[in-house]
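Hi,

Here is the structure I promised to pass on to you. Have a look through it, and then read my notes below.

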Amino acid sequence: MTAEQRRNLHAFRGYVSKILDPTYILSYMTPWFRDDVVQHIQAEKNNKGPMEAASLFLQVLLELQEEGWFRGFLDALHQAGYSGLYEAIESWDFQKIEKLEEYRLLLKRLQPEFKTTINPKDILPEISGCLISQECEEIIQISSNKGLMAGAEKMIECLLRSDKENWPKTLKLALEKEESKFSELWMVEKGAENVQMKDLEDDEMKTLDIQIIYKEEPENQNLSQNSCPSSEVPPTYSPLKPRNFQLELALPAQKGKNTIICAPTGCGKTFVALLICEHHLKKFPQGRKGKVVFFAVQLPLYEQQKSVFSEYFERLGYKVSGISGEIADSVSVEQIVENNDIIILTPQILVNSLKDGTIPSLSIFTLMIFDECHNTNKNHPYNMIMFNYLDQKLGGSSDSLPQVVGLTASVGVGDAKNAAEATEYICRLCASLDTSVLTTVRDNLEELEEVFYKPQKLFRKVESRTTDKFKCIISQLMAETEALAKSIFEELGTVTLEKLSRIQNRNFGTQKYEQWIIAVQKACMVFQMPDKDEESRICKALFLYTSHLRKYNDALIISEDARMKDALNYLKNFFSNVRAAGFDAIEQDLTQRFEEKLVELEDISMDPSNENPKLKDLCFIFQEEYHLNPETRTILFVKTRALVDALKKWIEENPELSFLKPCILTGRGRTNQTMGMTLPAQKCALDAFRTNRDSKILIATSVADEGIDIAQCNLVILYEYVGNVIKMIQTRGRGRARGSKCFLLTSNADVIEKEELNICKEKMMNDSISSLQRWNEAVFKEKIHQIQVQEKLIRDNQGKVKPVVDKKNKKLLCGKCKTFACYTADIRVVEECHFTVVRDAFRECFVTKLHPRPKKFGNFEKKSKIFCARKDCLHDWGIHMTYKTFEIPVIKIESFVVEDVETGAQTLYAKWKDFNFEKIPFDAAEMSAGAQDLNLQGMNGLE
C-alpha cells in the first residue's frame, strides 16, 4: 500500500464508517487481524453500534504495516457485497455516495410513518439487491421474532447504510408494486430536495419523532397524546403526537411572531419549543438555512436541554451543539455557531461573544428562544442580549433581526400592588423581549387540566420550642464575644461598635443579625489609626470576633429549623478548623470559652425532650403521606445548604424515616460559608433520584425551582421556604402527579401571610395577562415601542457617564490584619478577568496550601490557595495557578483593603469591576524579562 492510499483512506474514513458494518467482512480479514482484535470490534458493535465499530476497524486497519492488507480490504468489500464502497475507494471518488445523503435525511424524517405502514417481508424481495445478504437475513429473523415494526426499523437502518446508488428508486418501485401509501411520500424522481414539504409537515404534526426521555416536562406522561407508562416505554423511541393545547401554544410563534409562552410547569413547554424550532427550520427555501439559539440560565438545565434537542433534531438531519461556561475556554464559539443549526447556550457566553466581537451581530441567528424568560430584567445576561437586539432595532440597522420566543411558567408582577401596576410590569417584560404576543392556553383548557395537576396547597403553622437551653448558651457566648469586641472600642474612646452599623433591633439567630455582622466587618476593614501596628491589631481582633459571631448565628438558625445536634456539629467543625489555622491568643480564648460549654451543649442536644417540634410535624406529614401512598415521591425545599445537610442526616438517622433514602441538590456557587455542588455532582444527584426508586425524597435549595427536570413528584414541602410569586408557581409546579399536594410548613405567621399574598399576586398576574390579550395588537405594539424608546434613552444617557480611571498608585492591604500586600502598579490583568501581582517581593507576602479542588480550564491550571503570610492571620487571598508557562498568584479584591497612598483613605470593593484603577494587561515578555533578570542576579551572586 502506498502512503497516498493510506492518506486517502484516512481522509475518506467518515464516508466508510457511515456505510460499513465491519462484522460482515471480518472473516475475510483474518490474515491481518488477530482474534482479540476481531472480538474487540464485534464487542464494539454490540455495545455501541456499527458506526463506532467501523471507526475502530479503520483505526486498526490504518495502523497495519503488513503487506497486502489494502488489496485484501478491497477484496473483502467486494466479497461481502459492498460494491458501491468498493468502487468509491478504488477510484477515490465518493460523489455517488455523497448524492445519497439527501435520501438518507428524507428517510430519517419519514421513519415513524415507514415503521407503522410498511411490511418489511413484502418489499424485501424487491430491494434485497440494495442490501448485504446478511442484512436481509437479519431483517427476516427480526420480523419473525420481534414483529413487523421491529423488522421495518431494521430495514431502515440497513437502507441508511446502503452504498447502492439505485436504492432510492428501487425502494420507490417496490412501494408502488405493493400499492403502499408510503410511496406518495417517497418522491425520488426529482430528487429528495423537491419533496413537497407541506405533506411532510401535515403528517409530522400528527406523528412526531422524539425519544421518550422527556426532560423539563413530566416523564412519559402528558407530553403527547400517545404517551405510555414507564413500564411500557420501548427501548428505542416512539412517535409522539402533540396535544391540542401544545399546538395552541406553538401557533403564534410558528406564524413568525415574537411571543412569550406562559404555561404551567409540567405541561410540555420544551416540547412546544421543539415544535417551534422544527417548523422554523423547515420554512426556509432551498439555499437558505435557519439558525436557532436556545438559552438556558442554569448549567443543569443547559445540559438537560442540550440532550433533549440533540436527541430530537439529529435524527432529522440537523446539527446541534452547545456551549456553557464549563467548556467556553476550550472551544471556538465562532466555529460552533457557524457549523450548527441549533446552538444551546448559557446566556453569558453570547454576552461575552458580542462584547469581544467573536459574534459580530445577533443577525446571524434567525430564532432566539429564552427559557425561563421572566429573568429578562435589570443586569441579567438575558437583558444584556436584548439590549444589543433593541439597540440594533431602534438604531435603524438594515440587518434582519432574529425572531424571539420566551418560555416561562410565570411572568410575575414584581412589586405591583394593583392590576394597573401588574399590567405595566408585564408590558415592560414584553418590551424587554420585543414581544407583542402573550400566549397562554385558552381554547384547550379542559385538555390542559386533564394533564396538568395543580397541587392542593396546604398551610401548616407549627410551634417552635417553648424553652431552648441550646439557644440560651449560644446567645450567652455571643453576648460575651460582642462584649470583647466592644471593649476594644472602649480602649479607643473615639467610636463604638453600635455606630459601625445602622442596623438596629437585631436579635441573635436571625438574618438581620448576619447583615449587622457583615456591615460591622466591612466598617472594621477600613478603620484607620495613626499607629498602623495598633490599627492592624484592632482590625484583626474585630475580624475574628465578628467571624465567630457569624458562626454562632448560623448555628442558631440551623437549630431553629433542624436538630440542636446538627447545629452543634456545625460549630465543632468550625472550631476544629480554627485550631488547624493560625490559632492566636484571641482564637485560643474564644475556643476555650466554647469548649467550657461543650459538655453541657452535647447533653442538651442529645436530650429527647429538646426535639424540634417542627421536625415532629414534618415527620408526621411523611408518615401520613407514605401510609396513604407508599410510592409517594417528594421534593423538600429549604433555604440554605447547611439545612439541606442537616435534614438529610436527620432523615437517615431517624428509624421511622430512613426508608426515604434522601438525595440532595444544591447550587454550584460558592458562598462565604460553603462550597457548592459541582455540575457532575448535580447531574449525579438528579440521575439518582430519577432512576433509583429506592430514593423517595429530594432535598433541594432554590436550584430546583426553575426548569430542571425532576422526576414526577406528588408531594412538595416548602420548609420555612417562601419567595416571590414566580418562585411559588415554580416550586408548586414540581408536584405534577394527579392528587399531588404542596405543604408550606412554618412557625412564622408572616411566612404564611407572604405566601397568601403570592397567591393573590398570581391571580392578579393571570387577570393582567387576560386583559393584555384582549388589547388590539397594534395598540400593544405601540405601547411596547414607547417603553423601548424610553428605556434606550435612559441606557444611552447612563452610557455617556463613564467612570474616570484613577491613575494614582494605591496600596492593597490584607483585609484581616492590614499587612501591606502590593501596589496597584504591580497588578496585571490576565485575559480580562484575572488579576495577578508581578512584583517579586509579593511572593514573600503569602503562603500556599494545596487547593482542595485543583482544576484545568483554558490556559489555566488551578493548583493552590494563597493566604496572608502572617502566622496569626492566614487570611484567604486567592489562588496560585499555572497560566501557560507562568506560575502566577491570582488575587481576589474582596480580601483586601485599598488605601490611597496620598490621603490614606481606605476603601472596600466587592468586585474588581467596581475598582476603577488603571488596569495594565499581562505581558508575557515583561514576565520573561523579569525571570531573566533574576537568573542574572543569581549568576552574579555565584561569582
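Let's start with a definition: two strands pair if DSSP finds at least two bridges between them. Helices (H or I, at least four residues) and strands (E, at least two) are themselves DSSP runs, numbered from the N terminus. Keep in mind that this is a predicted model, where local features need pLDDT of at least 70 and side-chain atom pairs count only at pLDDT 80 or more, while totals for chains, interfaces and linings use all residues. Residues are numbered from 1 along each chain as its sequence is written, and side-chain values use heavy atoms, with hydrogens and water left out.

First, the sheet. Four strands make an open sheet with antiparallel pairing, in the order S17-S16-S24-S25. At its edges are S17 (820-823) and S25 (906-907), each of which pairs on one side only. S16 (residues 810-814) runs antiparallel to S17, and three bridges join them. In that pair, Leu813 stands opposite Phe820 of S17.

Next, the salt bridges (a side-chain nitrogen of Lys or Arg within 4 Å of a carboxyl oxygen of Asp or Glu). The count comes to 55. One of them joins Lys865 and Asp876, at 3.1 Å from N to O. This pair links distant parts of the chain, with Lys865 in strand S21 (residues 860-868) and Asp876 in strand S22 (residues 876-883), eleven residues apart. Is Lys865 buried or exposed? It counts as buried at 12% relative accessibility, and Asp876 is buried too, at 15%. (Buried means under 20% relative accessible area, exposed over 50%, and partly exposed in between, with a 1.4 Å probe and protein chains only.)

Glu44 and Lys48 also form a salt bridge, with their closest N and O atoms 3.8 Å apart. They are four residues apart in helix H3 (residues 35-48), so about one helical turn separates them. Glu44 is buried at 17%, whereas Lys48 is exposed at 56%. There is a network of salt bridges as well, linking Lys532, Glu535, Lys811, Lys818 and Glu899.

Last, some backbone angles. Most residues other than glycine have a negative phi. Lys661 isn't a glycine, yet its phi is positive, about 45 degrees. Lys661 sits in the loop between helix H29 (641-653) and strand S12 (663-665), and is partly exposed at 45%. Glu832 has a positive phi too, near 70 degrees. Glu832 is in the loop between strands S18 (827-830) and S19 (834-837), and counts as exposed at 71%.

Enjoy exploring!
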